[in-house]
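Here are my notes for you to read with the model open on your screen. Take the points one at a time and find each residue as you go.

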Amino acid sequence: MKTPAILLSFAFVLPLSAALLDSPQSGGLKLKSISSISFGKDGLLLVADPTSQSVIAIETKEAGAKAKPGKVADLAATIAGGLGTTAENITIKDMTVNPATGTVYLAVMRRPDNASLILTVDGAGKVAPFDADKLSWASVTLPGGTASKVTNITDVAFDGERVFATGTCNEEFASRIFTIPVPIKHGSTAGVISAETYHVAHRKWETKAPIQSFIPYHDKSGADYVVGAFACTPVAKFRVDDIESGAKVKGVSMVELGSGNRPLDLFDYTDKSGKEWVVVHTQRFKADSFGSSKFWGARVSMDYINGAEDKANEKATWRDVKAKTGPEGIEIVDALFGAVQVDKIDNESAVVLRDTEGKLSLEVIALP
């Protein structure tokens with residue numbers, strides 16, 4: 001059967017409720033690379049471009065009735081058919097959902113020209129190119145140091161008041177948290193914080209390992225944190241309110257999910273009973289996978305993140321790696337076995353990109 005071509009989709013355009021960009025540009029946006037994408041409010045798409053050492057914010061102006069994304073059985077083949085290549089030449093770097101509409105956005109790299117592209121998937125499962133030619137955007141540079149540069153951008157997110165990005169630089173305090181105030185001013189430079197983290201499995205403090213994935217988090221006292229997951233796999237929080245650019249911050253490792261894993265995605269949600277969870281989606285990089293796939297995930301009660309700091313770092317809670325649940329408040333999420341990418345749609349569902357016998361399918365799962 002002939003692979004369907006990529007179809008264009010349209011959305012109603014509504015004015016933004018407040019200015020999110022300062023001195024925005026219109027058209028002419030060129031992405032050199034994409035490592036991470038995510039959504040802020042009012043359809044603001046955030047794109048991490050490590051080659052240009054920058055974060056780009058795009059006003060998508062997408063609005064309309066919300067619909068869950070439609071299933072796509074062989075996503076890479078569908079994308080390849082629309083881009084005039086084969087599935088083997090397509091790499092999906094990241095995936096995010098516009099929370100206002102349910103539209104899925106995909107960061108894609110095409111070989112052999114290594115073009116970095118953004119595509120969308122709508123409620124009918126139609127894949128379309130994202131056209132930014134007439135949209136407003138702003139680019140902010142991420143600083144390295146006096147004699148260093150940003151070597152990677154691992155994640156980017158909006159907390160309602162500012163944009164955070166995480167990554168690494170080529171110096172001793174390599175792990176970085178970048179901060180960008182809103183409105184996002186085109187041509188400006190982000191603030192930067194050096195991050196030090198206690199790696200529970202290794203029993204030592206580290207300054208080079210990057211936060212692989214994170215969420216901004218406001219705790220019950222009103223304090224602002226970045227909650228992030230690292231390889232091998234501590235989940236730590238970094239207090240970021242009232243911290244000036246150039247400062248160093250020590251994270252507090254609250255939970256250890258087990259060595260030999262690399263975090264891929266992180267999101268929080270509230271279940272039907274009102275309980276808050278953070279979901280850590282990971283890839284097992286050691287041979288001894290304990291489930292049906294090396295891709296798996298667990299949910300962790302926010303009670304651990306909000307817990308007393310005298311039960312952190314050396315005394316952090318370890319997940320029982322030989323059991324499906326345990327300790328109380330840490331549970332395997334079965335629907336994430338085989339998921340290569342995941343993002344929350346709402347408090348009841350998430351979209352996953354699942355590896356099924358070498359083919360990637362896009363589907364919606366229920367959250368436990």
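1. One term before we start: a contact means heavy atoms within 4.5 Å. With that in hand, which residues does Ile184 touch? Leaving out residues up to four places away in sequence, Ile184 touches Leu20, Leu21, Asp22, Leu44, Leu46, Ala57, Ala138, Val140 and Val163.

2. Some housekeeping. This is a predicted model, where local features need pLDDT of at least 70 and side-chain atom pairs count only at pLDDT 80 or more, while totals for chains, interfaces and linings use all residues. Residues are numbered from 1 along each chain as its sequence is written, and side-chain values use heavy atoms, with hydrogens and water left out.

3. Now the largest nonpolar core, which has 22 residues. A nonpolar core here is a set of buried Ala, Val, Leu, Ile, Met, Phe, Trp, Tyr and Cys residues joined through side-chain atoms within 4.5 Å. Buried means under 20% relative accessible area, exposed means over 50%, and partly exposed is in between (1.4 Å probe, protein chains only). The residues with the most contacts inside this core are Leu46, Leu142, Phe178, Ile180 and Ile184. As background, nonpolar side chains in soluble globular proteins tend to be buried together.

4. Where does this core come from? Strands β5 (44-49), β6 (54-59), β12 (136-141), β13 (150-158), β14 and β15 (175-181) each supply at least two of its residues. The largest share, four residues, comes from β13. There is also a second, separate core of 20 residues, which includes Tyr225, Val227, Tyr304 and Ala312. For the labels, helices (H or I, at least four residues) and strands (E, at least two) are DSSP runs, numbered from the N terminus.

5. Six of its six residues are buried, so β5 is largely enclosed by the rest of the structure. In general, side chains in a regular strand alternate between the two faces of the sheet. In β5 both faces are covered: Leu44, Leu46 and Ala48 are buried on one side, and Leu45, Val47 and Asp49 on the other.

6. What are the neighbours of β5 in its sheet? That open, antiparallel sheet has five strands in the order β3-β12-β6-β5-β4, and its edge strands, β3 (25-26) and β4, each pair on one side only. Two strands count as paired if DSSP finds at least two bridges between them. β4 (residues 36-39) joins β5 over four antiparallel bridges, with Ser38 partnering Leu46 and Ser36 standing opposite Ala48. On to β6: β5 pairs with that strand over six antiparallel bridges, and here Leu46 has Ala57 as its partner.

7. Another open sheet has four strands, in the antiparallel order β8-β9-β10-β11. Its edge strands are β8 (90-97) and β11 (127-129), each pairing on one side only. Three bridges join β10 (residues 115-121) to β11, and Thr120 stands opposite Ala128. Helix α1 (residues 75-83) packs on this sheet, touching β8, β9 (104-110), β10 and β11, and its direction makes about 110° with that of β8. Angles like this run from 0 to 180 degrees between N-to-C directions, with axes fitted to C-alpha atoms, for helices over the stretch in contact.

8. Last, the charges. A salt bridge is a side-chain nitrogen of Lys or Arg within 4 Å of a carboxyl oxygen of Asp or Glu, and the count comes to nine. Arg162 and Asp224 meet in one of them (3.8 Å, N to O), linking β14 (residues 162-169) and β20 (residues 224-229) across 62 residues. Arg162 is buried at 18% relative accessible area, and Asp224 is buried at 13%. Salt bridges with shared partners join Asp159, Arg162 and Asp224 into one network.

9. Compare two other salt bridges. Asp113 pairs with Arg110, closest N and O atoms 2.6 Å apart, and Asp113 is partly exposed at 44%. Glu363 pairs with Arg354 at 3.0 Å, and both Glu363 and Arg354 are buried.
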